[in-house]
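Here's a quick briefing to read alongside the model. Have the viewer open and follow along.

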Amino acid sequence: MPETLEPDEWNFWDTWMRAQRLLVRELDRALQRDHGISKAEFSVLVTLSRASGGEMRVGELVDSLEWEKSRVSHQLTRMENRGFVARTEGGPSGRRTRIGLTAQGRRVVQDAVRGHAGNIRRYFFDSLTQEQAATIREWSEHLITRIDPPSDNPTP
């Protein structure tokens, strides 16, 4: 196996990475500009909106986002201060172990999902043919399986 890449492979890699950075940057800017939320806030809001009742244990949120617990905790504090989420007590210790969307958080996420979907369509899907989209999907699924293979013993 070669220890380096050919010049055209480096060029392709650099082009792919730049395209990815530009796409993510534009999507992030649009969330901030159009909806007044950060990418991190959007991630939390969407994750909670997909949970049963718009609420979940903080530990489940940590696992779902694949963030460090301290990052989630700080993010939730900021979002609680903005009125997007509320922590609730649960369990025998009475600790604030659950987090849920507020009415304001539901409104924000519903609006942001529509706007974000439109931007994803505009900047990503509208620039692809069906064949290109199918190829990218197939390659992405292959890469995910190669780097993060499914576990033989899924967690219940």
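Axes here are lines fitted to C-alpha atoms, for helices over the stretch in contact, with angles running from 0 to 180 degrees between N-to-C directions. This is a predicted model, where local features need pLDDT of at least 70, side-chain atom pairs count only at pLDDT 80 or more, and totals for chains, interfaces and linings use all residues. Numbering starts from 1 along each chain as its sequence is written, and side-chain values use heavy atoms, leaving out hydrogens and water.

**Helix packing**
- The axes of α2 and α5 (residues 103–123) come within 10 Å and cross at roughly 105 degrees.
- So α2 is roughly perpendicular to α5 (65 to 115 degrees counts as that).
- On the α2 side, the contact (heavy atoms within 4.5 Å) uses Phe42, Leu45, Val46 and Ser49, while α5 brings in residues including Val108, Ala112 and His116.
- The residues of this α2–α5 contact split into 7 nonpolar, 3 polar and no charged.

**Glu41**
- Glu41 sits in helix α2, residues 39–50.
- With 6% relative accessibility, Glu41 is buried (under 20% relative accessible area, 1.4 Å probe, protein chains only).
- Its side chain reaches the backbone nitrogen of Ser38 at 2.8 Å.
- Beyond neighbours within four places in sequence, Glu41 touches Gly36, Gln75, Met79, Arg82 and Phe84.

**Glu66**
- Glu66 is in the loop between α3 (58–65) and α4 (69–81).
- At 68% relative accessible area, Glu66 is exposed (over 50%).
- Glu66 has a phi near 60 degrees, a positive value in a non-glycine residue.

How values were computed:
Helix = DSSP H or I, 4+ residues; strand = E, 2+ residues; numbered from the N terminus. Polar contact = N/O pair within 3.5 Å; in protein donor to acceptor, adjacent residues only side chain to side chain. Parallel < 35°, antiparallel > 145°, perpendicular 65-115°, else oblique. Nonpolar A, V, L, I, M, F, W, Y, C, P; charged D, E, K, R; others polar.
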